[in-house]
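These are my notebook entries on one protein chain. I list what I looked up, in the order I looked.

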Amino acid sequence: MKKSVITLLIILALTAALLFAAFNGIGSIIPRTQDGIVLGLDLVGGSEITYEAQVTDKSGDLSEGMSSAIAMLRQRLDALGYTEANAYQAGDRQIVVEIPSISDPEDAVQKLGSTAVVTFEDADGKQWITGSDLDKAYYEYGPTDNSGVPNHHVVLTFNAEGQKKFLEGTRSVVQRSDGKNYLAICLDGEVVSSPTVDKKNNPDGINSDSAVITMGNDATAEDATYLANIISAGQMPFDLECVKLQGVGASLGERSLQTSLLAGLIGLLIVMLFMIVVYRVMGVISCIALTLYGALMAVLLSVFRINLSLPGIAGIILTVGMAVDANVVIYERIKEELRTGKTLLYAIDTGYKGALRAIVDSNITTIIAGVVLWIFGTGTIIGFAQTLLIGVILSMIIMLVVTRLLLHAAVGLKIRSPKAYCV
């Protein structure tokens, strides 16, 4: 009995602590921790950026170019962490980007609108390598020279043609007699790195399939990662000029958000009441587990800074329903065992074992769907996938582990009458 009391007290204390953190922020428990649920554009508003395509005769098919530009903008938004942002075409030549809860819209304008044209140029401005000669780009942290001092940098890898051009370019600059033995790496016409080719060690140039862009001393891992991402995504088919930047209000508004949350709370209370009436002790245990699930879900959303919009809320509600459904399957199996005269502990263990496979199978299929949406989705689809995956995994753990511990604790507390379990 003592063990059962301790188990019950630990779970209740954990639930209370998580509820406190959910309402007051995780920083109230762990100091100096950045927290707070990030609301989407439809809930909190943000900034609206309008770009206009600067089309030339060399830009090619306009409609195809606009589709490519929108796809690249979405990749850059995801790389910057704006997973709940929207990007869509307006008219023939304009693209509108809506970003929720943005702190520095001017910086976003510059990063999103860059054409990401990469070139390797010598001191005379001759281009030896262009973006078409690159294979991929990725972020690394470590030393890039003989000093051994680690730094944030981007590694560029060449295709076969790029490797040949790199050898020719470095051979050309190493043979210069004016001391300008460097090959500058430029992004959108600006020099980001100017590595010098060592004539002593490389008299015939450098035969390598990669090069390194070193970042400044103030650069962060996020800066280098973003640079690698936009280079890998490719260059824009044309220049994008920001023609309008303005703030936008929430499409739902604070009052609508409060109304939605109230409706969700009422629905949850009705579900809890139903579980208590139908399953009695097991229903009370489900209510404790659902409360723990809700508090832990709020804390995880806060800690991981996940953008929460209407699709994200839908993902949470869906996982709540799946959690309750899992409990119903388990409890019905337990009641079937009790009706055959089995002992309570045997019925609980058998009920969980009998329902485990069906619950795990259904959740795994949902997890697979969520992973696919997360990998291939954009914008609000990613937000839905994130809350769905977190919710499914969390609910499966709580409903299969926590509820079982609580049921064993109830047995240990001498609550063993079949009527208490609605049999």
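Entry 1: the pocket.

Which helix supplies the largest share of the lining of the largest pocket? I found that α7 does, with 12 residues. Before going on I noted that this is a predicted model, in which local features need pLDDT of at least 70, side-chain atom pairs count only at pLDDT 80 or more, and totals for chains, interfaces and linings use all residues. Residues are numbered from 1 along each chain as its sequence is written, and side-chain values use heavy atoms, with hydrogens and water left out.

I wrote down the terms next. On a 1 Å grid over the protein atoms alone, a pocket is an open set of points with protein on both sides within 12 Å along at least five of seven lines, whereas a cavity is a set of points where a 1.4 Å probe fits but cannot get out. A lining residue has an atom within 4 Å of a point. Helices (H or I, at least four residues) and strands (E, at least two) are DSSP runs, numbered from the N terminus.

I looked up the volume and got about 1200 Å³ for the largest pocket. A volume here is the space filled by probe spheres set on the grid points, which are joined across faces, edges and corners. The lining of this pocket has 31 residues. Leu261, Leu265, Leu268, Gly294 and Ile316 are the ones nearest its centre. At least two lining residues come from each of α1 (2-24), α7 (253-279), α8 (281-303) and α9 (310-339).

I also sorted the lining by type: 25 residues are nonpolar, 6 are polar and none is charged. For this count, Ala, Val, Leu, Ile, Met, Phe, Trp, Tyr, Cys and Pro are nonpolar, Asp, Glu, Lys and Arg are charged, and the others, Gly among them, are polar.

I picked Ser286, which sits in helix α8. Is Ser286 buried or exposed? Ser286 has a relative accessible area of 1%, so I recorded it as buried. The cut-offs are under 20% for buried, over 50% for exposed, and in between for partly exposed (1.4 Å probe, protein chains only).

Thr291 counts as partly exposed because its relative accessibility is 29%. Its C-alpha atom and that of Gln94, 197 residues apart along the chain, are separated by 47 Å.

Entry 2: salt bridges.

How many salt bridges does a search of the whole structure find? I got 6, taking a salt bridge as a side-chain nitrogen of Lys or Arg within 4 Å of a carboxyl oxygen of Asp or Glu.

One of them joins Arg176 and Asp124 at 3.0 Å, N to O. Arg176 is in the loop between α5 (160-174) and β9 (184-187) and Asp124 in the loop between β5 (118-121) and β6 (127-130), so this pair ties together parts 52 residues apart in sequence. Arg176 is buried at 18% relative accessibility, whereas Asp124 is exposed at 63%.

I looked up Asp133 and Lys165 next; their side chains meet at 3.2 Å, N to O. Asp133 lies in the loop between β6 and β7 (134-143) and Lys165 in helix α5, so parts 32 residues apart in sequence are tied together. Asp133 is buried at 3%, and Lys165 is partly exposed at 25%.

Arg404 and Asp349 form a salt bridge at 3.1 Å, N to O. This pair links helix α11 (residues 380-412), which holds Arg404, to helix α10, which holds Asp349, 55 residues apart. Salt bridges that share partners also join Asp124, Arg176 and Asp178 into one network.

Entry 3: positive phi.

Arg280, in the loop between α7 and α8, has a phi near 55°, a positive value in a residue other than glycine. Lys414, in the segment after α11, has a positive phi of about 70° and is not a glycine either.
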